Amino acid sequence: MDEHLRKIKDNETHVCYLGKDIQNKLIHLLSNAIKQKILTSARDVKYFSIIIDCTPDADHVGQMTMIIRFLVVISNPENDIAATASIKEHFLDFVPLREKNGAVTVKTIIKQLGKMSLSTENLHSQRYDNGRNIRGKNKGVK
């Protein structure tokens with residue numbers, strides 16, 4: 001990529017082959033890199049919470065939105081007492097849901113957390129939308 005940009009800047013070429021497929025690959029690579037940086041930060045602080053919202057998309061397929069939230073504390077090396085705390089909240093993914101019930105949603109959440117190498121033991125809290133398949137006391141996600 002650096003070489004391609006250098007050729008354009010130096011007027012060695014005027015042709016740019018960045019079609020939609022290449023652009024989509026670049027976007028995918030960048031989004032994965034950003035997502036990995038977020039997940040590394042979350043693993044470093046250990047405890048995290050998730051926010052889940054489920055809604056159908058235009059094709060009426062259930063989509064689960066996953067958001068992660070964690071606290072980052074930055075210590076001040078000049079002063080042992082002073083530290084800065086910052087709450088980080090990041091969108092992680094849209095995940096399609098096969099069915100709209102609590103059991104499938106729970107399995108999907110656990111599977112996604114596993115793919116992201118996030119331990120459910122470090123999951124401090126969960127927040128959900130107000131859907132009946134999520135809020136149910138006996139058959140919901142909680």
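Modeller: Let us begin with exposure: a residue is buried under 20% relative accessible area, exposed over 50%, and partly exposed in between, with a 1.4 Å probe and protein chains only. This is a predicted model, in which local features need pLDDT of at least 70, side-chain atom pairs count only at pLDDT 80 or more, and totals for chains, interfaces and linings use all residues. Residues are numbered from 1 along each chain as its sequence is written, and side-chain values use heavy atoms, with hydrogens and water left out.

Colleague: Is I87 buried or exposed, and why?

Modeller: I87 counts as exposed because its relative accessibility is 54%. I87 belongs to strand β3 (residues 79–97); strands (E, at least two residues) and helices (H or I, at least four) are DSSP runs numbered from the N terminus. Together with L71 and V73, I87 makes a nonpolar surface patch of about 290 Å².

Colleague: How is confidence read, and where is it lowest in the protein chain?

Modeller: pLDDT is the predictor's confidence in each residue, from 0 to 100. Where pLDDT is low, the predicted coordinates should not be read in detail. The protein chain averages 84, and 88% of the residues score at least 70. Confidence is lowest in helix α4 (residues 132–135), with a mean of 57, and highest in α2, at 92.

Colleague: How far does helix α2 reach?

Modeller: The expected span of a helix is 1.5 Å times one less than its number of residues. Helix α2 (residues 20–45) has 26 residues and reaches 38 Å from its first C-alpha to its last, close to the 38 Å expected. An α-helix has 3.6 residues a turn, so residues three or four places apart point the same way. In α2, the buried residues include K35, I38, L39 and A42.

Colleague: How many aromatic pairs are counted?

Modeller: Rings of Phe, Tyr and Trp (its six-membered ring) pair if their centres lie within 6.5 Å; planes under 30 degrees apart count as stacked, over 60 as edge-to-face and the rest as tilted. The count comes to one aromatic pair. F91 and F94 form a tilted pair, 4.9 Å centre to centre with 55° between the planes.

Technical notes: Patches are made of residues with over 30% relative accessible area and no salt bridge: like charges are joined within 9 Å, nonpolar side chains (Val, Leu, Ile, Met, Phe, Trp, Tyr) within 5 Å. Accessible areas come from the Shrake-Rupley method with a 1.4 Å probe; for residues, only the protein chains shown count as cover. A salt bridge is a side-chain nitrogen of Lys or Arg within 4 Å of a carboxyl oxygen of Asp or Glu.
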